[in-house]
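Please look over the sequence and the coordinates before reading on.

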Amino acid sequence: MAMDDHQSKVQRLYNACDAVFSSGSKAGLPTLKQIRWLQDLLDGMEAADVGIEGGGSGGERSSSSEDDDERSPPGRRFLSARAFTRITYVHIHECDDFSIGVFCFPAGATLPLHDHPQMVVLSKLLYGSMRVKSYDWANAPPCSGPRKSGLARVVAVDEMREAPCKASVLFPRSGGNIHSLTAVTPCALLDVLAPPYAEDLGRPSTYFSDIPIPSLPGFAVLEEADLPDGFRVAGAPYVGPELTIDMDSMYN
């Protein structure tokens, strides 16, 4: 798909996701070429491109190219990173095939260990730093039951990610599909989920506790767990550049 130089970066990302993930475009997992295309688009994005300021030091708006500034409407407002006192999700777009949004973390906040069933997830750390712990199921993902549990292979233990870093990708069976995220500093993570969570379609969001196996290094047992008392993800409005949505793809 050709990209219009006058489009906002978030519009380009939406167009690419629509081309790669929409139901009428293809079946199965995206190709490596398509994944790299999406990663390249994510790597070019900053917090200001999705209506958030605070990526720079002192809470200032992160720098954007002169062209992007010219495309920004006069008087456009931004969400301030300093206003996020708990994990907050900024919803940008969701359809049956994919979702785009930003998780904004205050320092010290943790998104508990959770999975992404049947999903491809691309993530770009827009500012700040976080630690990531992740696993993949050692065998087939456990079937839904009263409580999910199974043997998992360790992918990362307290892996440090600090912006600017390359966009990451996880797959249904690899790449650290089950992960927890802990903010070392205030940070924001731009996420593309394809397809999004949908409990009625067998893609619920499930949280886990992990139990190391001393006799089997590199593995752990994951058991479905309740969320910690008082844990809640807040919501905030998206105030970035307006998206032009392909309505045909939403209803195909």
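## Cavities, a pocket and the parts around them

The count comes to two cavities of 30 Å³ or more. A cavity here is a set of points on a 1 Å grid over the protein atoms alone where a 1.4 Å probe fits but cannot get out, whereas a pocket is an open set with protein on both sides within 12 Å along at least five of seven lines; lining residues have an atom within 4 Å of a point. Points are joined across faces, edges and corners, and a volume is the space filled by probe spheres set on them.

The model is predicted, so local features need pLDDT of at least 70 and side-chain atom pairs count only at pLDDT 80 or more, while totals for chains, interfaces and linings use all residues. Residues are numbered from 1 along each chain as its sequence is written, and side-chain values use heavy atoms, with hydrogens and water left out.

The table sets out the spaces with their linings by class; Ala, Val, Leu, Ile, Met, Phe, Trp, Tyr, Cys and Pro count as nonpolar, Asp, Glu, Lys and Arg as charged, and the others, Gly among them, as polar.

| Space | Volume | Lining by class |
|---|---|---|
| Largest pocket | about 380 Å³ | eleven nonpolar, five polar, two charged |
| Largest cavity | about 100 Å³ | six nonpolar, six polar, one charged |
| Second largest cavity | about 60 Å³ | four nonpolar, two polar, three charged |

Take the largest cavity, with about 100 Å³ of space. Of its 13 lining residues, Ser-123, Arg-161, Ser-168, Leu-170 and His-179 are the closest to its centre. Two or more lining residues come from each of β6 (120-127), β7 (129-137), β9 (168-170) and β10, and β9 gives the largest share, three residues. Helices (H or I, at least four residues) and strands (E, at least two) are DSSP runs, numbered from the N terminus.

The second largest cavity is lined by Ser-123, Lys-124, Leu-125, Met-130, Arg-161, Cys-165, Lys-166, Ser-168 and Leu-189. Here the largest share, three residues, comes from β6.

### The pocket and the aromatic pairs

What is the volume of the largest pocket? It is about 380 Å³. Of the 18 residues that line this pocket, Tyr-89, Phe-103, Leu-193, Tyr-197 and Ser-205 are the closest to its centre. The strands β3 (88-94), β4 (99-105), β5 (110-114), β10 (178-183) and β11 (187-194) each supply at least two residues of the lining.

There are three aromatic pairs, where rings of Phe, Tyr and Trp (its six-membered ring) pair if their centres lie within 6.5 Å, and planes under 30 degrees apart count as stacked, over 60 as edge-to-face and the rest as tilted. One of them joins Tyr-14 and Phe-98, a tilted pair at 5.8 Å centre to centre with 50° between the planes. Tyr-14 belongs to helix α1 (residues 9-21) and Phe-98 to the loop between β3 and β4, so the pair ties together parts 84 residues apart in sequence. Phe-98 is buried, with a relative accessible area of 0%; buried means under 20% of that area, exposed over 50% and partly exposed in between, with a 1.4 Å probe and protein chains only.

Tyr-89 and Phe-103 pair as well: the ring centres are 4.7 Å apart and the planes at 50°, so this pair is also tilted. It links Tyr-89 in strand β3 with Phe-103 in strand β4, 14 residues apart.

### Two helices

Ten of the 13 residues of α1 are buried, so this helix is largely enclosed by the rest of the structure. Among them are Val-10, Leu-13, Tyr-14 and Phe-21.

In α2 (residues 32-43), the residues Gln-34, Ile-35, Leu-38, Gln-39, Leu-41 and Leu-42 are buried. Seen down the axis, the buried residues fall within an arc of 160°, so they line one face of α2; the arc is that of the directions from the helix axis to the C-beta atoms. Leu-32, Lys-33 and Asp-40, on the other side of α2, are exposed.

### Backbone details

Most residues other than glycine have a negative phi, and most peptide bonds are trans. The bond from Ala-163 to Pro-164 is cis, with omega near 0°, and Pro-164 is in the loop between β8 (149-162) and β9. Another cis peptide bond joins Ala-194 and Pro-195, with omega about -10°. Asp-158, not a glycine, has a positive phi of about 50°; this residue lies in strand β8 and, at 47% relative accessibility, counts as partly exposed.

Methods. The expected span of a helix is 1.5 Å times one less than its number of residues.
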